[in-house]
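Open the model in your viewer and keep the selection panel at hand.

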Amino acid sequence: QVQLVESGGGLVQAGDSLRLSCAASGRTFSSYNMGWFRQTPGKEREFVAAISKSGGSTYYADSVKGRFTISRDNAKNTVYLQMNSLKPEDTAVYYCAATLGPISTMTSGSWGQGTQVTVSS
């Protein structure tokens, strides 16, 4: 199992930007489809973005499309989430996820511990 550690969260104002990072352990990072999810208290964890093993394909939730960009550096075993034009409704704990299977199976894969993002109005 891959170990995932997120970083980069914090408190920002609406309209600001943040970049989240997720560092993965192991030498098989390029074998994993990677993704980001988020969760607020009392709500289910929701999909934010995903990226294929090679980085050639990316997928986004409609709520973040055009504002967030997912990318990966397989040489650094790291996946990123660049978040621009942040809104208060983006406030959540953001989780990194990894799966050896199809992207659709990501919720059954490995998870990081999460990083808090708070956007003030």
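Two strands count as paired if DSSP finds at least two bridges between them. Strands (E) are DSSP runs of at least two residues, numbered from the N terminus. This is a predicted model: local features need pLDDT of at least 70, side-chain atom pairs count only at pLDDT 80 or more, and totals for chains, interfaces and linings use all residues. Residues are numbered from 1 along each chain as its sequence is written, and side-chain values use heavy atoms, with hydrogens and water left out.

**Stop 1: the four-stranded sheet**

Select E1, E3, E8 and E7. They form an open sheet in the order E1-E3-E8-E7, with antiparallel pairing. Strand E1 (4-7) and E7 stand at the edges with a single partner each, so one side of each has no neighbour in the sheet. From one strand to the next, the twist averages 15 degrees. Now keep E7 and E8: six bridges join them in the antiparallel sense. Pick aspartate 73; its bridge partner in E8 is threonine 78.

**Stop 2: the core**

Select Met34, Trp36, Val79, Leu81, Met83 and Tyr94. These have the most contacts inside the largest nonpolar core, which has 28 residues. Such a core is a set of buried Ala, Val, Leu, Ile, Met, Phe, Trp, Tyr and Cys residues joined through side-chain atoms within 4.5 Å. Buried means under 20% relative accessible area, exposed over 50%, and partly exposed in between (1.4 Å probe, protein chains only). Strands supplying at least two core residues each include E4 (33-39) and E8 (78-83).

**Stop 3: threonine 99**

Go to strand E9 (residues 92-99), where threonine 99 sits. Threonine 99 has a relative accessible area of 5%, so it is buried. A polar atom of its side chain lies 3.1 Å from the backbone nitrogen of glycine 101.

**Stop 4: salt bridges**

The structure holds four salt bridges, each a side-chain nitrogen of Lys or Arg within 4 Å of a carboxyl oxygen of Asp or Glu. Which residues are linked in a network of salt bridges? Arg38, Glu46, Arg67 and Asp90.

- Glutamate 46 and arginine 38: closest N and O atoms 2.6 Å apart. Glutamate 46 is partly exposed at 35%; arginine 38 is buried at 6%.
- Aspartate 90 and arginine 67: closest N and O atoms 2.7 Å apart. Aspartate 90 is in the loop between E8 and E9, arginine 67 in the loop between E6 and E7.
- Lysine 65 and aspartate 62: 3.1 Å, N to O. Both residues are exposed.

Notes. Polar contact = N/O pair within 3.5 Å; in protein donor to acceptor, adjacent residues only side chain to side chain. Axes fitted to C-alpha atoms, helices over the stretch in contact; angles between N-to-C directions.
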